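Please read them with the structure open beside you.

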Amino acid sequence: MAVGKEILTKIRSVQNTQKITKAMQMVSTSKMRKTQDRMRLARPYAEKVRLVMNHLAKTNEYHGLPILQRRDEVKRAGFILITTDKGLCGGLNANLLKKFFMQVQAYQSQGVEVEVVCLGGKGLAACQRVGLNVVASVVNLGDTPKMTMLLGAVSNVVKRYESADLDIVHLVYSGFINTMKQEPRSEVLLPIGKSELEEPMAGDETYNWDYHYEPSPLEVLEHLVKRYVESVVFQALCENMASEQAARMVAMKAATDNAGNAIKELRLVYNKSRQAAITTELSEIVAGAAAV
């Protein structure tokens, strides 16, 4: 019965793993609702900031702002890469990093220098592994992201773009579509084009906007653009966290189901080996009795 004991040991091991994956599935399910609510609550702020910028764009010329200027030639590109701090969330990080590295390779093939700001431990480890230039990083973001943790990294990117050290900035993250589907996204964060600011907002087509701004419309717009960039990054982080919990819930459910199937197969093998051992013993007993 040595074989039977080995199979029982495997069954107990798989059962213990199944308990862990089941617990992680339940935890991710409870966290997923909170992250989705947080993601939806982060949207109104960005929309209102963009609405005010939209009004300013219709009544004022603002092309003198460095943060809104487009470069004719891209010599140095920046990336804000948002990944998870933990694993066990299916192919979420793998798909995102695949898209990110394809963009990086495209820039490097054109002789463009690339630098990365990593938000999340998985992205930081991947960039360090391939030797990319990581200028800033924020890890251990926790389950509840706070804007204060991101301000340093985001402000650094904005200042480098204003001083022309960067010619373009991409934001790469996992967009949340629904519980079963998340997609890797890459958006141009800077420069913010005039067409984007002047895009019509819902219910905003029939009004002429003209306000008195203090200290000046240009200074107000400069401040709002920075707040808008921060809110876009924060919104992307919230979406990435919602995607993480959804992906982990699905992955842990699949792992739990696979563990259950493995246990059934191992029990079948164990019962067959046990039956074979019993049959062999009975045959030996009958043969011995017949010999006597």
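1. In this predicted model, helix 4 and helix 6 are in contact. The helix 4 side of the contact consists of Met147, Leu150, Leu151, Val154, Ser155, Val158 and Glu162. They meet Glu222, Lys226, Val229, Glu230, Val233, Phe234 and Leu237 of helix 6. Sorted by class, the residues in this contact are nine nonpolar, one polar and four charged.

2. How do the two helices lie to one another? The axes of helix 4 (residues 147-162) and helix 6 (residues 217-291) come within 10 Å and cross at roughly 125 degrees. Helix 4 is therefore oblique to helix 6, since an angle from 65 to 115 degrees would count as roughly perpendicular and one over 145 as roughly antiparallel. The crossing is right-handed.

3. Helix 2 (residues 92-109) and helix 3 (residues 121-130) have axes that come within 11 Å and cross at roughly 45 degrees. Because of this angle, helix 2 is oblique to helix 3. Here too the crossing is right-handed.

4. Which residues make up the contact between helix 2 and helix 3? From helix 2 there are Asn93, Leu97, Phe100 and Phe101, and from helix 3 there are Lys122, Gly123, Ala126, Cys127 and Val130. By class this gives six nonpolar, two polar and one charged residues.

5. Two residues deserve a check of their backbone. Leu88 is not a glycine, yet has a positive phi of about 55 degrees. Leu88 sits in the loop between strand 1 (76-82) and helix 2. Its relative accessibility is 52%, so Leu88 counts as exposed, the cut-off being over 50%.

6. Ala164 is also not a glycine and has a positive phi, of about 70 degrees. Ala164 belongs to the loop between helix 4 and strand 4 (168-178). With 46% relative accessibility, Ala164 counts as partly exposed.

7. Where is Pro191? Pro191 is in the loop between strand 5 (181-190) and helix 5 (194-197). The peptide bond that joins Leu190 to Pro191 is cis, and its omega is near 5 degrees.

8. Last, the chain as a whole. The protein chain has six helices and five strands, in the order α-β-α-β-α-β-α-β-β-α-α from the N terminus. Of its 292 residues, 40% count as buried. Among contacts between residues at least 6 apart in sequence, 78% join residues at least 24 apart. The accessible surface is about 16200 Å², and 55% of that surface belongs to carbon and sulfur atoms.

Technical notes
Residues are numbered from 1 along each chain as its sequence is written. This is a predicted model: local features need pLDDT of at least 70, side-chain atom pairs count only at pLDDT 80 or more; totals for chains, interfaces and linings use all residues. Side-chain values use heavy atoms; hydrogens and water are left out. Axes are lines fitted to C-alpha atoms, for helices over the stretch in contact, and angles run from 0 to 180 degrees between N-to-C directions. Helices (H or I, at least four residues) and strands (E, at least two) are DSSP runs, numbered from the N terminus. Angles under 35 degrees count as roughly parallel, over 145 as roughly antiparallel, 65 to 115 as roughly perpendicular and the rest as oblique. A crossing is left-handed if the near helix is turned anticlockwise from the far one by less than a right angle, and right-handed if clockwise. Contact means heavy atoms within 4.5 Å. Ala, Val, Leu, Ile, Met, Phe, Trp, Tyr, Cys and Pro count as nonpolar, Asp, Glu, Lys and Arg as charged, and the others, Gly among them, as polar. Buried means under 20% relative accessible area, exposed over 50%, partly exposed in between (1.4 Å probe, protein chains only). Accessible areas come from the Shrake-Rupley method with a 1.4 Å probe; for residues, only the protein chains shown count as cover.
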